[in-house]
Amino acid sequence: MAFNSSNYTTGCDGLVREEEVCLKFPPKVSSPGLVTVLTDGAKYGKLMDFAGPRLHLQMVVVFVLTQTIHSMLKYLGLPMFISQILAGIILGPMVFRDQHWLITTSEDSVAVLGTVASLGYIFFLFLCGVKMDVSMAYKSGRKPVYFGFLTVVVPLTFCLITVKALNSESELFTNKSFFLAVTYSGTSFPVIHCLLSELKILNSELGRLALSAALIGDIVSLVLMNISQWVKIGLEKGTGEALLDSGLAISFVLVVVFVLRPTMKWTVRRTPEGGRLKDVSLYTVILSFMMSVRVTEVFRVFLLFGPFILGLAVPAGPPMGSALVEKLDPIVSGLFMPLFASTCGMRIDLSYLKSYNLFAKHQAIAAVVTLIVKFVVSLALPLLYKMPTRDSLALALIMISKGIVELGSYSFLNDARVVSEDIFAFTTIIIILIASIVPILVKSLYDPSRKYVCYQKRSIMHSKPNEELRMIGCIHVPGNVNSIINILNASCPTRESPIALDVLHLVKLSGRATPLFIAHQKHSKIASNESYSENVVLAFNQFERNNWEAVSVNVFTAVSPPNLMYEDICNLALDKLTSFIILPFHRRWYIDGSIESEDQTVRSLNCDILGRAPCSVGILVEGRRHLKRFNSEDTLSSSDNASSYSIAVIFLGGKDDREALALARRISQDQSVSLTVIHLKAANSLGAILAENDSMLDDEMLKDIKERANINTFRSRRYNHEDPRTLGLQEWSEFPEIGIIGDLLSSTDFDGNYSVLIVQQQQQRTA
């Protein structure tokens, strides 16, 4: 491609690119079979002449090469995105220019591969719109609004000043300088969401702030991009044409907002709570999305904006948003987007940098200046709000991150001859460098787990006997509600020994990109978008009324990815100065002892909490379903009646055992509770396994304990601890996270009317 260096243009305006394209008709799509082609090649030609087999082979080669590259680069902390681009560069014309090469064998080959990948990108933009909740823009508060707006507008201003300083005669709109400046300074919500998800800080304090700011910045970028196009049209074709284009675009948005969105909301309201969306409604939305690409041409909207705006109109979360994401996201994120990233890499040809023109040079300088200014602004704003320096640096790096959205946009603009090959080469180099460096630096700067390092002792053992015991009860499924209420009833709270309970309903994030943390106000009507926690709120409000002045309850809902739910639990424990967290066991049983349900994500969450919690933790293994249930309406027996609850503690010694004994001692203050302590001591011949200090503390704890009956069992967690009293049982342990004896008592081999609470005392960690 030739460039006219005498003209200060994009390198494409007013120039003609001469290409000879040879297409064969009718096109060959499906081959008659490998054997048929090999035996009768003269009639059918080569196997690679058929689009179907060729596309399949290209996809296999792309994915194999991508995984091979990533297997080496992952140790450097580089994301999969970089491996996908590098695979595309290796397979592209920059390395292989032979016309017989797999990718560039014909124009038909390039067209088919590019079309499939581009279709996947359009699906990706639609799903990004579905996951985005625009209402968060005005719910997020002032700080994210300031961050999102200023991190786009200030760098944009400096970019335009730089372009004007490099060439005072430059027209900012007619030669697309303003449009390109918006792309340099813009913020991409999907890119930042993917980065935070990959770094596992999506629902951290910094992640929530970055997501909210990115949402604002993305909206500002889209508005500025459209304004720049309308101004350019007005200068080139007149005010009337600009008003027509802007009017049609605004009409498209109004139709989506006031016609399509209310229709989809009406469909959601007709779906029963917790029910499944009808297939006809789901496929109608998908059909509308497929048609939106053509409809945008009528309304003169950029083809990539149509699917994205339609996705924004879809109600976020269940049932519609989550159904669309569950149906489309696996194939889009697993197949189409890796292929699209590689095809973008195939477009990169750094040889064009040898003959770049003056406009491309100035744009490259402006892009670098914009990036630096954006980083400085993103760093200065959090520092003004007194954020720690390391967190501010991490936030600044997150806000300048670039990724698949920017690369895809420049690829489409390059295909449409809006930007030249040399500008495309410059921008892709910047994107690759930023996408490589940012994850590594953010990971080294920001570690959300360091705030869990506690220098204060938050455990039951270190709480005063009559002090309010602060607890968190976690709920995954409706059955956990009764389990938590049962254990609280067994705790026999009184006015003299009250309990402050924070109930956290954990809901899987589905159909939306932004995690939610909802604090339910007492005695207030549950909003429609919070209806999934309504039964939880009602049950614990009733429990609080039945134990008035003995129990205070606050209910929260956390909507977040399952692998990051520990952040919500630990953050709540820090904020509420919690001493004890109750986690439900991941397995539940039927009346006959068979497994009712088993959720490995819950098990992983429990393991994460055990390793990170800033206080003591208990895992509650519920008894069989045929056991007598105590609900929120049960009343406690008086002191004159027989014991209503019987508790046993198996005591071997150590801090976890002492924590379990401290909880049992607190509960046994009520006369309706009987307590049995089973103290297992090692024989002298086996040797002492506890330190002298531990032995003294154990003896002190055992002094005031009296024996009673046995129904519920409190058991300490002894993980990875060799003990002669449990020697050999480790080989039979199925769930190491609840300890050897805890695993033994929780197995189906033990049949009895009891539940088990495995206790771990607060782990003291140093920064």
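Predicted model: local features only at pLDDT ≥ 70, side-chain atom pairs only at ≥ 80, totals over all residues.
Me: How many helices and strands does the protein chain have, and what part of its residues is buried?

Reply: The protein chain has 25 helices and 12 strands. Of its 767 residues, 53% are buried.

Me: How do I read a helix crossing, and at what angle do helix 8 and helix 15 cross?

Reply: Take the two axes, then ask for their distance, their angle and their handedness. Helix 8 covers residues 177-185 and helix 15 covers residues 358-384. Their axes come within 9 Å and cross at roughly 35 degrees. The crossing is right-handed.

Me: Which residues meet there, helix 8 against helix 15?

Reply: From helix 8 come S177, L180, Y184 and S185. On the helix 15 side they meet F359, Q363, A367, T370 and K374. By type, the residues of this contact divide into four nonpolar, four polar and one charged.

Me: How many aromatic pairs does a search of the whole structure find?

Reply: The search finds 11 aromatic pairs. To read a pair, look at the distance between ring centres and the angle between ring planes. Y121 and F124 are stacked, with 6.1 Å centre to centre and 25 degrees between the planes. The angle is read as stacked because it falls under 30 degrees.

Me: Why are Y121 and F124 separated by about one helical turn?

Reply: Both belong to helix 5, residues 107-131, and they are three residues apart, so about one helical turn separates them.

Me: Are Y121 and F124 buried or exposed?

Reply: Buried means under 20% relative accessible area. Y121 has 0% relative accessibility, so Y121 counts as buried. F124 has 11%, so F124 counts as buried too.

Me: What kind of aromatic pair do F123 and F289 form?

Reply: F123 and F289 are edge-to-face, at 4.7 Å centre to centre with 70 degrees between the planes. This pair links distant parts of the chain: F123 is in helix 5 and F289 in helix 12 (residues 279-298), 166 residues apart. Both residues are buried.

Me: Which residues form one aromatic cluster with Y121 and F124?

Reply: The cluster also holds F340 and F412.

Me: Where does R612 lie relative to Y566?

Reply: Here the thing to read is a charge and a ring. R612 lies over the face of Y566, at 4.3 Å from the ring centre.

Terms used:
Residues numbered from 1 in each chain as written. Heavy atoms only, no water. Axes fitted to C-alpha atoms, helices over the stretch in contact; angles between N-to-C directions. Helix = DSSP H or I, 4+ residues; strand = E, 2+ residues; numbered from the N terminus. Left-handed = near helix turned anticlockwise from the far one by under 90°. Contact = heavy atoms within 4.5 Å. Nonpolar A, V, L, I, M, F, W, Y, C, P; charged D, E, K, R; others polar. Phe/Tyr/Trp six-rings, centres within 6.5 Å; stacked < 30°, edge-to-face > 60°. Buried < 20%, exposed > 50% of the residue type's maximum accessible area, 1.4 Å probe, protein only. Lys NZ or Arg CZ within 6 Å of the ring centre and 35° of its normal.
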